[in-house]
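Have the sequence and the 3D view ready.

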Amino acid sequence: MVSAPEVTAAVPTPADPHYTRETNRAQRIGGCGMNVLDLGFWFARQRTLGVIAIIIGAVAWGMEFAGTVYVCPYCRVQRTVILLLGIIMVVPFARHWTIKYLASVMGFMGAVVAVNQNFMGWAKISKGEFAFNEQLYIDPFLLSGGSLFIIIGQLWLLLGSDSDNKAPE
């Protein structure tokens, strides 16, 4: 009986003619060829990103309690959603469908609030009345855009493909 030749995926070395500087960089950044531009890179670091989101949400609430930022209902919703989605990202049962459903409801609510706040800035731009806050780090236009990126990224990681939770066929 003839067996099929064994196929192995060799990691390119500098002696390999297919080796490039990009190959070397991808190996250094992600290890084993995993690249920061691959979604798998971020899926593998979901819990770490969840801890970062918890820190972002906690620091934002701390800034409000300390009185360094003004009270804003839009901002409160966004920071709370980032914090809660961060907690969901670190729990071991984050892939259960009920948790994914809860995360999607909270995440979409936070995203809608962020879009509404950001759109108010665009409306001011259209009227010719827009000006950045003197303290750029608390500008609502920039912060709402940033929170929108964070919330959508969290949802991608939480609701993304998970081969372990496929239903039996």
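Here are a few questions and answers about salt bridges.

This is a predicted model, where local features need pLDDT of at least 70, side-chain atom pairs count only at pLDDT 80 or more, and totals for chains, interfaces and linings use all residues. Residues are numbered from 1 along each chain as its sequence is written, and side-chain values use heavy atoms, with hydrogens and water left out.

Q: How many salt bridges are there by the rule used here?
A: The rule asks for a side-chain nitrogen of Lys or Arg within 4 Å of a carboxyl oxygen of Asp or Glu. Going by that, the count is 2.

Q: Which residue forms a salt bridge with Arg 76?
A: Look in helix α3 (residues 46–66), since Arg 76 itself sits in helix α4 (residues 73–90) and the pair ties together parts 12 residues apart in sequence. Helices here are DSSP runs of H or I with at least four residues, numbered from the N terminus. The closest N and O atoms are 2.4 Å apart, and the partner is Glu 64.

Q: Is Glu 64 buried or exposed?
A: Buried means under 20% relative accessible area, exposed over 50%, and partly exposed in between (1.4 Å probe, protein chains only). Glu 64 has 8% relative accessibility, so it counts as buried.

Q: Which residues are joined into one network?
A: Arg 79 also forms a salt bridge with Glu 64, with the closest N and O atoms 2.3 Å apart. Salt bridges that share partners make one network of Glu 64, Arg 76 and Arg 79.

Methods: Helix = DSSP H or I, 4+ residues; strand = E, 2+ residues; numbered from the N terminus.
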